[in-house]
Amino acid sequence: MRQHEIRIANYRKMGMTIGDNCWIFSDDLGEREAYLITIGDHVMISGAVSFTAHDASLSYYVEGASDLFGRINIGNNCFIGMHAIILPGVTIADNCIVGAGSVVTKSFMEPNSVIAGNPAKKICTVDELREKNKKYCLNTWGMSFEEKKKYLLANEDKFKKA
């Protein structure tokens, strides 16, 4: 079993609902209330992503309260970028991309959206992002470390520049 498959198996044991053909590289997807998190099919979650289905800050301000809880639902065919934070009650529609470092505080129900920022907002559609960046895309899937290194160093002219 590969590392991402072990993670998925562990999250499922904790009660998380995870669809088919998912890749999860994060170790912090909400172990505390995993049973409140649903991930669709064909979803990739990058490293250091955090899902939190609860907010304990209200315990300081609301007498007799311990937490605020909310389900997290990630649609099919989504990509969640590194260090993104998904907060309680958030639903992400199908075919969406969440940018690296984004803090998602509300739901995004429009499919094919790219959302990013803190707080996250829609910045474009997936089609617009694809068109803007397709000339920079390289395929290194399945390459060994040395093959990838050689290929990338030989194709630096195709790198995106900020």
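Two strands count as paired if DSSP finds at least two bridges between them. Strands (E, at least two residues) and helices (H or I, at least four) are DSSP runs, numbered from the N terminus. Welcome to a predicted model, in which local features need pLDDT of at least 70, side-chain atom pairs count only at pLDDT 80 or more, and totals for chains, interfaces and linings use all residues. Residues are numbered from 1 along each chain as its sequence is written, and side-chain values use heavy atoms, with hydrogens and water left out.

**The sheet**
- β5 pairs with β10 (residues 85-86) in the parallel sense, over two bridges.
- Across this pairing, serine 50 stands opposite isoleucine 85 of β10.
- The open sheet has three strands, ordered β5-β10-β13, with parallel pairing.
- β5 (50-51) and β13 (103-104) are the edge strands with a single partner strand each, so one side of each has no neighbour in the sheet.

**A buried histidine**
- Histidine 4 belongs to helix α1 (residues 3-13).
- Histidine 4 counts as buried because its relative accessibility is 6%, where buried means under 20% relative accessible area, exposed over 50%, and partly exposed in between (1.4 Å probe, protein chains only).
- Setting aside neighbours within four places in sequence, histidine 4 is in contact (heavy atoms within 4.5 Å) with Cys22, Trp23, Ile24 and Phe25.

**An exposed tyrosine**
- Tyrosine 60 sits in the loop between β6 (54-55) and β7 (68-69).
- With 69% relative accessibility, tyrosine 60 counts as exposed.
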